[in-house]
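User: I have a structure here that I would like to go through with you. Could we begin with the charged pairs and then move on to other features?

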Amino acid sequence: MRPRGLWPWRLLLPPTPGSRGRARPRPRPPQVLCVKHYGNLKDYQSQLYSTVAPPDEVTINYRHGLPLITLTLPSRKERCQFIIKPVLSTVGSFLQDIRSEDKGVTAAAILAADGSEIPASTLMGILLMKDFKLVINKIAYDVQCPKKEHLNNEHTTEMENVKSLVHRLFTVLHLGEFQKKKEHHLLEKIDHLKKQLQPLEQVKARIEARSEAKTSGLLWAGLALLSVQGGALAWLTWWVYSWDIMEPVTYFITFANSMVFFAYFIVTRQNYTYSAVRSRQFLQFFHKKSQQQHFDVEQYNKLKEDLAKATESLKQVRHSLNWRMKVEELSEKN
């Protein structure tokens, strides 16, 4: 045992010969206790911080029942958390949130374990059932989805009943408000479509007027040609030649007209009726004038279809609102 009060590196020396009394201990330099780390220093740091995820790892945790995806933004090198709604969020919306958060993300995609790309319309709830790869700016991150405990059939049925009840309550409480918002949205859409159609309608009206005038002129020209033909045959029959000579001429003229009508059917696949001929000729003039005046017929037709659909949807929404108001009035009276 060492004497009390002495340091471990301070030793008592025997008294020197010839000295009187107790010898004084000779001071010695203190010995410093050193702690050495064997191996790489990074190994010790990783042991000290083993509970923290690496800065370049994508992790998925559940908080309040919702998935929480944590990843590192490439531009700022900061960890960012994204809360996912499995039923509402899609792969496309999740990738768009990443691009919106970090403008330095030029390319982002999600791949399956076999390397095939997952469509943007896939729900995040389906994606989180299996492991996947998140590719950001040509850097792939392996993402491991935590396994959730499987519920028994009774618990699953109870959860489905609760979800259905919540959905019905939400529908009853917010149906009127939702329909009013939809009506307002449809009115704005209809106004926007009408503004787009207004200049096109003016150009279309001018083209239709010119096409109608040309079609009418062509029909009157056909009538004049038939009149001239009939007058020429009458003149040749009664004033120049006799009926015996003109009878075969009229026969061949009638046969030639029949050949013309049959050729029209072969070319157009339509019967030779005056209304069909007029409509066909009008459309030919209309499309020719449209190309000359750079009138986009396909865009006009698409806008008209969108306007018709929006108008029909507005009628249905207003009908539902009127029916709901009548039901509420009857309930108040009762």
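Analyst: This is a predicted model. In it, R278 and E212 form a salt bridge, with their closest N and O atoms 2.1 Å apart.

User: Which helices do R278 and E212 lie in?

Analyst: R278 belongs to helix α6 (residues 274-292) and E212 to helix α4, so the pair ties together parts that are 66 residues apart in sequence. R278 is partly exposed, at 30% relative accessible area, and E212 is also partly exposed, at 30%.

User: How many salt bridges does the count come to?

Analyst: The count is seven salt bridges. One of them joins the side chains of R318 and E183, at 3.1 Å from N to O. Because R318 lies in helix α7 (residues 297-333) and E183 in helix α4, this pair links parts 135 residues apart in sequence.

User: Is E183 buried or exposed?

Analyst: E183 counts as buried, at 18% relative accessibility, whereas R318 is partly exposed at 37%.

User: And what is the distance between K302 and D306?

Analyst: The closest N and O atoms of K302 and D306 are 3.2 Å apart, in a salt bridge. Both residues are in helix α7, four residues apart, which means that about one helical turn separates them. K302 is exposed, with a relative accessible area of 52%, while D306 is partly exposed at 22%.

User: Changing topic: which residues of helix α2 are buried?

Analyst: In helix α2 (residues 91-101), the buried residues are V91, F94, L95 and I98. Viewed down the helix axis, they fall within an arc of 95 degrees, so they line one face of α2.

User: What covers them?

Analyst: The cover includes strands β2 (66-72), β3 (79-83), β4 (108-111) and β5 (132-136), together with helix α3 (124-127).

User: Now the surface. Which residues form the nonpolar patch?

Analyst: The patch consists of W235, W238, W239, V240, Y241 and I245, with about 780 Å² of accessible area together. Helix α4 (residues 153-240) supplies the largest share, four residues. Y241 is located in the loop between α4 and α5 and is partly exposed, at 44% relative accessible area.

User: One last item: where is T250, and what does it touch?

Analyst: T250 is in helix α5 (residues 243-268). A polar atom of the T250 side chain lies 2.7 Å from the backbone oxygen of E247. Leaving aside residues up to four places away in sequence, T250 touches L233 and W243.

Technical notes. Residues numbered from 1 in each chain as written. Predicted model: local features only at pLDDT ≥ 70, side-chain atom pairs only at ≥ 80, totals over all residues. Heavy atoms only, no water. Buried < 20%, exposed > 50% of the residue type's maximum accessible area, 1.4 Å probe, protein only. Helix = DSSP H or I, 4+ residues; strand = E, 2+ residues; numbered from the N terminus. Arc of directions from axis to C-beta. Contact = heavy atoms within 4.5 Å. Polar contact = N/O pair within 3.5 Å; in protein donor to acceptor, adjacent residues only side chain to side chain. Patch = residues over 30% accessible without salt bridge, like charges linked within 9 Å, V, L, I, M, F, W, Y side chains within 5 Å. Areas by Shrake-Rupley, 256 points an atom, 1.4 Å probe, with all protein chains shown as cover. Salt bridge = Lys/Arg side-chain N within 4 Å of Asp/Glu carboxyl O.
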